[in-house]
Amino acid sequence: MTTEEDSRRLAELGYKQELARTWSGFSNFAISFSIISILAGCFTTFGQAWNYGGPIAISWGWPIISLFILIIGFCMSELVSAYPTAGGIYWWAAKLGKPIHGWFTGWLNLIGLIAVTASVDYGCATFLNITLNRLTGGAWEGTLPQAFLLFVIVLALHALINIFSHRLISLLQNVSVWWHVVGAAIVVAILIFAPSDHQSASFVFFGTNDNSGFGDGSDGLPFWLYVLPLGFLLTQYTITGFDACAHVSEETQGAATSAARGLWQSIFYSAIGGWILLLSFLFAATNVDQLNKDGGFVGSIFESALSSPLATAIFAISTIGQFFCGMSCVTSMSRMTYAFSRDGAVPGWRLWSRVDRNRTPVNAIIAGCLAAALITLPALYAPPGLTTPVAFYAVVSIAVIGLYLAFLIPIWLRLRMGEAFKPGPWTLGRKYKALCWIACVEIVIVSIYFVMPFSPAGVPGSADFTWTSVNYAPIAVGVVLIGIALWWALSARHWFTGPRRTVDDQEMPVS
């Protein structure tokens, strides 16, 4: 498909070609692959799976949950093929349903993207904090306030790169892919050949662990029905953000096919690479007592199994991968902010939908990064004995819930539409019914689990209750849902009509 054909299709959907369509199909795949980032999620949320389930939450949980996410990806690939437009998730919902569907989808998607940007950049700052501490021999102390300072600096750098290096972004996405592939391969090789001994296969594939404080360890029903599913947050969080393929579809050549293909392939290849990487962690996790003492922090594995220089090298490889990931997150978030504002849904929409002379939504980039910094402020505090603030996992939960609920609405609407749906060149055919049902059920289940308390100290009324242990995801998501519902009922239903046309029929390119 030529650029003119892409612009024609965009005009049919109601929009002028305002963003520069310079991205290749590989670049489209690369942004989602970079946001998924096995060098980010596998490292930063490893502790969640270790503490809530242990090895089986990783060795079995990762491939099983990845399969469900791939099914969600297939459903979304069909939608992006039919409607290749920036901010696509909410556009699909408004097109397949009513303006109210687009309203809720758009806000959930936007909140999820802001939260995933915040969590990735905070994770990057955490690993940079550790790397600097190791490289300076402790002169850089690596405290929580220093981690937050680095978070703000990383976030600012990502904003600047996205504002001033638009032409370089797609190139950097391509570099990011190879960094993730080669970097992960180096990490796996180090963990295979450098340690003097490894764990057994029975430990890796059948071992359990429960540091949650709930129930009676890994023997009872609370473990299997409550604790272990909380460990699946590792997979559900890592393999997310693949909607970026849709958000940059207006900048992608041949978007109706390349964006659809890029979306599901980014999930598939990340699932395989991530599983190999995580298995290498588990086989190298020989000092289980120390790992538990360190709260499941993945760095404990490297420090116990490797020499100091090799451990530092792994931290550095992951940090750079996370930096690429955060850069891609800001790109995706800003395009969603731009697109949703273009349709008048965001207060001050004229400001956020404006593009500069380089055809970059500068104001949307700045606003999104500021919002990401604000929701991460609680990460300045951590409960005693924990190296990772509960606030980090709360922001992770907000990202997962916001994004996946945003995916749920258009997938459900497509299922409801049935044979009346007009597919693009990439289609599920008759398999759409089974796949859409599976996707919807999985999203509902994980959304329920991830608003639950992570520890007894986070349960209101508990003798050990502390506010720093609270998973504030349900508070944040609940307040947001109530807020946008009230906003809709009291105001937006009178003026928000869904996607606005920015091109008249007579302005559409002719063949």
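These legends walk through a few close-up views of a predicted model.

**View 1. Ser27, a buried residue in helix H2**
Start with helix H2, which covers residues 25-36 and holds Ser27. Ser27 has a relative accessible area of 3%, and anything under 20% counts as buried, so Ser27 falls in the buried group. Who does Ser27 touch, once its neighbours within four places in sequence are left aside? The answer is Ser170, Gln173 and Asn174.

**View 2. Phe26, a partly exposed residue in helix H2**
Now look at Phe26, which also has its place in helix H2. Its relative accessibility comes to 35%. Because that value lies between the 20% and 50% cut-offs, Phe26 counts as partly exposed.

**View 3. Inside the largest nonpolar core**
This core has 158 residues. The ones touching the most other members are Phe43, Phe46, Phe242, Phe281, Phe302, Phe407 and Ile411. Helix H21, running over residues 390-417, supplies the largest share of the core, with 19 residues.

**View 4. Phe242 and its contacts**
Zoom in on Phe242, one of the core residues that touch the most other members. Setting aside neighbours within four places in sequence, its contacts include Ser32, Ile36, Ile69, Ile72, Gly73 and Met76. Leu263, Ser266, Ile267, Tyr404 and Phe407 are in contact with Phe242 too.

Terms used:
Residues numbered from 1 in each chain as written. Predicted model: local features only at pLDDT ≥ 70, side-chain atom pairs only at ≥ 80, totals over all residues. Heavy atoms only, no water. Helix = DSSP H or I, 4+ residues; strand = E, 2+ residues; numbered from the N terminus. Buried < 20%, exposed > 50% of the residue type's maximum accessible area, 1.4 Å probe, protein only. Contact = heavy atoms within 4.5 Å. Core = buried A, V, L, I, M, F, W, Y, C linked by side-chain atoms within 4.5 Å.
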